[in-house]
Amino acid sequence: MVQSKATIQVNAKTSRTTAINPYLFGHFVEDIRDHMEAMLAYPLRDMDFESEDVAYRGLSGSWRPYTNGKSTVYGLEPAAAYHSGHSQMIRLFSDDCAYAGVAQAVAVKQDQQGYALSLYARASIDIKYLLAEIVNRRTGELLGQVRIDLESHDWRAYDVRLRVEQACEQAEFRLYVPAEHPRWLDHVSTGMLWLDHISLLPSGSAGNVRREVMEMTRSLNAGMMRLAGNYISAYHWQQAIGPVHERPCLVNEAWGGWTSKYFGTDEFIAFCRELNVEPLICVNDGSGTPEEAAEWIEYCNGDATTPMGRLRAANGHPEPYGVTYWEIGNEVWGPWQVGHCNAEQFAERYVRFAEAMKAADPSIRLLACGDDKTEGWNATVLARAAEHMDYLTLHLYHGCPRFGMNHQTPAEERFKAIVSYPEWTRETVRQARALIGSSERYAHVKLAITEYNTMYYPNTIRKGLPNEHTLEAAAANAANLNEFIRSSDLVEIGSFSDLVNGWLGGCIRVGDYYADQFRGKSADRTENALKVYGSPTYYVMQAYANSELGYVVESSTDCPSFGVKGPATGPKLDELPILDVVASINKDRNKVTVFIVNRSLDEQLTDVSFGDFAVSGTARLTEITGDHFESYNAAEHPEDVISRVHEVSVERSVVTCLLRPSSVYALEVIANHE
């Protein structure tokens, strides 16, 4: 049903003086659930044989026996010197006339140049070579094979290329001593193979990141990339630098499983540099020390004559990274956080960290952990530490529980609640603005929304529809971004949660599995594992960040309204405009962009008027829409919701648009005074 015509008036002559910061459209990398597994290009798991035996006697984690020998023995032994995890021992007997090794289910791409196969191994002197191969598990077809000649009885690194003739979702990697290997006389010191590390990396990867993920992230034009999350409060940065084989395998104390040793400081900075985005690093103030944080800054920013700068140079990076933005404290107000404390304790701790970190580099800018839910938290932190901070952080997740809604709530009512996201953000910012404005001591402090997303239900529930990936969620996130822009004189930084997969699913999706907070990816699950695609919110973030924004300009909207019953302590939600609108002019003042979110379940015919800024000509309309407000993208249908660009006419200063239900629009108009 089309409602009565709405009107939007844009006054391009009246703009603010504060520029919109491109860091508003940042993203967030966290070692949580399958985030790293999805983002990084390695198809193998348990590459250092770090996991304990979970299914087969004597085999690590995801590895399985590959042998037809009746006497083959497997065992987990201590890792090689300076390495972590285990070494995988395989004992085979010549009299069996058998093959023996290890195997793991993988999904592989076609790679004519060859996957980089890295192996750290030793063997008894009678074992002269190994075969590494990839086969189709369902058909048995050999997709690629390479021979590895063993050169020493002692530990050695071996690096070869393993060509893969065709992509296969249901493949198996095998490394083994073949049955045709020359036999030996069985004895106490014969027939033994030890494997300490095995990794595969496709030739087209961007460093160790999936090429597809890198390119999709590049298209986001993120501005800033944050490294943080719950795991950071138990993360010691020096354990993830230097040669990867020598980095320890560490349990992820926040989320379970293993912390990725393959994406430490140097890899994160390389990721940011490749994307041309500003890094934001959160330090460990939970189990770490001010001295440790200061050394991290020196590692990133010190020249090669400083102790930590010298260490960075020794790791292959002689030039300082120049990381400006550093965050102290990730949700330390929450009882789930390592180092949880009250506001007074945090303020005292924050000052100690800030002083040590500023001593390492006075030019850095610091973010202090704030909270909009703990009464008095922000007031206490500002009162005791304002002089030591540049930003106060907030995490703004929006979902159904605050409305008393659940899965049984009618979908139309839930829709109204979810798309009221900007009103909640506006109220939170209003309160923070009043607090910051209450004292001259606080006047320099800005806001950083370092995590935000829709979070429909308690994050341990992932049943049925993946709500955070719907068109409805994208409309809510877009309206929230509109509020960020409207508040951009105070809000300078935003970090969407998460970048890839993760607990709410990430705006970039890899594969077909949705992990919840306490359930990781099922073993051997590889259906559609190679598929990389964007969620509806991906296209929202892409459209906003790639628009040419400069300053907020005045706009007014006349449209129907809707209401939703919220808690008494929240913002007023009884009469909300169905169109959430914000407008901006670029720095050259010759292009206006109007972001419009249709927060209704009906089409809305709308006139957008630009006065004498643009009298005639054409305009560019980017539309993010789908067939239904609960439409979502998946590995099997990755383009149900994408962005499409239309050319529309400007006639007598007006663009007329038919806005689809629960959809997002970016309307760009070039100045034309004729």
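## A guided tour, one residue at a time

Leaving aside neighbours within four places in sequence, S152 is in contact with A123 and Y158. Select these residues to begin, and keep in mind throughout that this is a predicted model.

**Stop 1: around S152.** Stay with S152 and trace the chain on either side. S152 sits in the loop that runs between strand 9 (142–149) and strand 10 (156–164). Which atom of D154 does the S152 side chain reach? The S152 side chain reaches the backbone nitrogen of D154, at 2.9 Å.

Stop 2: Next, select A81, in the loop between strand 4 (73–78) and strand 5 (86–91). Is A81 buried or exposed? A81 has a relative accessible area of 55%, so this residue is exposed, the cut-off being over 50%. A81 and E246 are 165 residues apart in sequence, while the distance in space is 8.7 Å.

**Stop 3: the cysteines.** How many disulfides does a search of the whole structure find? The search finds 0 disulfides. A disulfide needs two cysteine sulfur atoms within 2.5 Å. C369 counts as buried because its relative accessibility is 2%, which is under 20%. Select C249 as well: this cysteine is also counted as buried, at 18% relative accessibility.

**Stop 4: D46.** Move to the loop between helix 1 (35–39) and strand 3 (64–67), where you will find D46. Look at the backbone here: phi of D46 is near 50 degrees, a positive value in a residue other than glycine. D46 has 8% relative accessibility and so counts as buried.

Stop 5: Select S497 together with D498 and look at the peptide bond that joins them. Which form does the peptide bond from S497 to D498 take? That bond is cis, with omega near -5 degrees. Then step along to N501, which also lies in the loop between strand 21 and strand 22. N501 is not a glycine, yet its phi is positive, at about 45 degrees. With 1% relative accessibility, N501 counts as buried.

How values were computed:
Residues are numbered from 1 along each chain as its sequence is written. This is a predicted model: local features need pLDDT of at least 70, side-chain atom pairs count only at pLDDT 80 or more; totals for chains, interfaces and linings use all residues. Side-chain values use heavy atoms; hydrogens and water are left out. Helices (H or I, at least four residues) and strands (E, at least two) are DSSP runs, numbered from the N terminus. A polar contact is a pair of N or O atoms within 3.5 Å; within protein, one must be able to donate a hydrogen and the other to accept it, and residues adjacent in sequence count only if both atoms are side-chain atoms. Contact means heavy atoms within 4.5 Å. Buried means under 20% relative accessible area, exposed over 50%, partly exposed in between (1.4 Å probe, protein chains only).
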